[in-house]
Amino acid sequence: MGIFKLTSEYKPSGDQPEAIKQLIAGLDRGDRYQTLLGVTGSGKTFTVANLIQHYNKPVLVIAPNKALAAQLYREYKNFFPNHSVNYFVSYYDYYQPEAYMPGTDTYIEKEAMINQEIDRLRHQATSALLTRKDVIVVASISCIYGLGVPLNYFASAIHLSVGQSITRSDLIGQLIKIQFTRTPGVLKRGEFRVRGDVFEILPASETMSYSIELGADQTIKDIAIIDPMTRTMIDHPQDIALFPPKHFISSAPEIARAVQDIRVELEDRLEYFNKNKLYLEAERLERRVRYDMEMLKSLGFCHGVENYSRHLSGKLAGEAPDTLLDYFPKKDGKPDYLLVMDESHIGVPQARGMYAGDRSRKDTLVKYGWRLPSAMDNRPLKFDEFEKRIGQTVFVSATPGDWELEHSKIVAEQVIRPTGLIDPPIEVRPVFDKEKNRSQITDVIEELYGVVNRGERGLVITLTKKQAEDLNDHLTNEGFKSRYIHSEVKTLERTEILMDFRRGEFDVLIGVNLLREGLDLPEVTLVAILDADREGFLRSETSLIQTMGRAARNVSGTVILYADKVTGSMQRAMDIVNKRRKLQEAYNKKHGITPKTIIKTIERMLDFSGSVDG
């Protein structure tokens with residue numbers, strides 16, 4: 001029996017059976033890369049779930065943004081309710097990276113607001129990967145950024161079992177050693193408190209705490225899982241593993257060696273600055289690094305400890321950092337897991353571009369003495385490093401890029417939807433109609449009145465965040481219930497907005513770039529794309545096809561492109577959609593199928609406690 005059991009009331013239909021057959025054959029042959037080219041609403045996630053059940057190894061799913069990752073997390077959680085499905089994205093609600101602008105002599109210190117719930121889910125993912133095999137991790141592209149050393153993380157875990165010999169002082173010392181914090185008050189993640197011979201510990205990956213009771217004979221008498229809110233005991237496991245509350249974890253000898261290596265690098269860099277009469281740079285670097293070394297020696301960490309990751313991990317200059325990918329298993333030194341790159345036309349370019357952007361910023365910091373050169377090794381993977389660390393891969397997209405298509409041995413197509421739905425009709429209207437003296441805003445408002453009166457939902461896609469916010473204000477003044485969503489909206493708040501939209505708490509959702517790939521919103525009957533003739537990334541052939549697909553899950557779905565001229569991207573996108581419509585209509589006619597709107601339960605995407613603001 002395999003490690004994964006798929007749970008679903010559905011059976012493969014439409015183009016799914018043939019796609020599943022082709023892709024499974026490719027996996028069994030050992031094909032490195034394959035592509036699932038599936039239209040919106042064709043059940044690509046269900047197809048992949050069938051592959052996961054067959055493949056029998058841990059799975060990493062990479063999504064291009066946090067909102068889509070949350071949706072995929074929920075879908076895989078429903079398909080595999082008895083297995084470990086995890087969510088791993090950047091844990092920042094707000095992030096201002098450290099930077100220096102020499103032109104104005106402006107130093108910008110790193111400023112970040114960490115979302116504790118997302119940090120918990122990240123630890124849950126890494127803990128699962130090191131303790132079991134039936135693991136699916138749904139991640140954003142941030143998973144290719146440095147994440148401590150997996151061996152250190154695993155080796156630092158404290159394993160406790162009933163009957164195990166341990167003294168009170170030893171347990172306290174072990175917890176502090178792996179960076180748990182002792183507290184006399186209310187427990188927070190990564191903290192513990194001691195009352196007599198009873199320890200209460202709240203791991204970084206859990207919402208429940210552990211109660212460890214020591215007996216008079218200096219052995220563990222009992223282990224209990226406790227609900228922190230109700231104080232009730234949930235279970236009494238015989239053994240547990242406590243992983244460090246931080247991914248960057250080092251032992252005392254490693255820290256001592258790292259500090260010595262940092263000192264040598266500092267002296268070498270100071271010699272360079274002084275030789276070139278860069279005395280200001282030398283002074284600022286020496287002051288910062290010597291302070292950080294003292295913090296490392298006394299506390300085991302410092303502010304910006306990730307900038308010393310190369311020294312703490314013992315890696316060579318330029319060597320690739322350890323990332324989430326290194327927490328996945330290997331066999332004979334090679335990756336032994338399945339990678340699913342969802343919406344790969346976005347994900348592959350993301351993987352290619354992360355390193356260059358990070359390098360440019362760090363070069364300036366190093367040049368002007370804000371950081372040691374080794375800080376540049378705290379970075380994302382280069383694309384060739386990424387390729388070496390991934391196993392067999394299935395690219396998933398309605399519009400796969402050239403790279404995926406060129407490298408895939410199999411391109412399985414899903415054009416026919418199980419529901420019989422056909423791609424929505426497309427209408428092009430002018431941005432400004434001179435004859436009617438009517439703008440695109442006036443026209444779309446009239447369309448939205450009809451949508452609202454029918455109890456349906458509408459999406460309006462703008463070019464900029466400011467335009468989205470201004471349009472939201474205007475629609476609100478016109479009496480609409482509307483919201484906007486863009487990259488500055490907090491991670492967990494985005495998922496709440498999408499849930500509220502589906503529930504009908506508001507009728508119009510306005511967005512820029514996050515309302516494209518993969519989002520499953522079957523209540524939407526109108527997608528209106530403003531300024532569709534502004535040729536560029538946001539109005540490319542791929543972007544238009546993806547955005548128009550948001551109306552493809554409802555039998556009443558329609559698309560309006562506001563444009564004064566039909567661009568090449570618009571024409572190509574419309575040609576592809578019209579070709580698909582003909583195939584879908586012919587299939588329905590041949591099999592006597594009547595299209596049906598997708599019915600999907602509205603449920604919370606992520607499992608978290610507390611407010612969405614974290």
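Modeller: Start with a term: a residue counts as buried when its relative accessible area is under 20%, and as exposed when that area is over 50%. Keep in mind that this is a predicted model. Now take Cys143. Its relative accessibility is 1%, so Cys143 is buried.

Follow Leu324 next. Leu324 belongs to the largest nonpolar core, a group of 54 residues. Leu60, Val137, Phe199, Ile212, Leu324 and Phe386 touch the most other members of that core. Which domains supply this core? Domain 1 and domain 2 each give at least three residues. A second, separate core has 38 residues, including Ala49, Ala63, Tyr73 and Val89. In soluble globular proteins, nonpolar side chains tend to be buried together.

Now look at Ser140. Where is Ser140? It sits in the loop between strand E8 (135–139) and helix H5 (150–155). Is Ser140 buried or exposed? Its relative accessibility is 7%, so Ser140 is buried. Beyond its sequence neighbours within four places, Ser140 is in contact with Ile62, Ala63, Phe88, Val89 and Ser90. Asp342 is 202 residues from Ser140 in sequence, yet their C-alpha atoms are 10.0 Å apart.

Charged residues can be buried too. Arg120 forms a salt bridge with Glu117, with the closest N and O atoms 3.3 Å apart. Both lie in helix H4 (residues 116–129), 3 residues apart, about one turn of the helix. Arg120 has a relative accessibility of 6%, so Arg120 is buried. Glu117 is buried as well, at 12%.

Compare the pair Asp31 and Arg29. Their side chains meet in a salt bridge of 2.7 Å, N to O. Asp31 is buried at 6%, whereas Arg29 is exposed at 53%. A search of the whole structure finds 38 salt bridges.

One last point on cysteines. How many disulfides does the structure hold? The count is 0. Cys302, like Cys143, is buried: the relative accessibility is 5% for Cys302 and 1% for Cys143.

Methods. Residues numbered from 1 in each chain as written. Predicted model: local features only at pLDDT ≥ 70, side-chain atom pairs only at ≥ 80, totals over all residues. Heavy atoms only, no water. Core = buried A, V, L, I, M, F, W, Y, C linked by side-chain atoms within 4.5 Å. Buried < 20%, exposed > 50% of the residue type's maximum accessible area, 1.4 Å probe, protein only. Domains from an automatic or database assignment. Disulfide = S-S within 2.5 Å. Helix = DSSP H or I, 4+ residues; strand = E, 2+ residues; numbered from the N terminus. Contact = heavy atoms within 4.5 Å. Salt bridge = Lys/Arg side-chain N within 4 Å of Asp/Glu carboxyl O.
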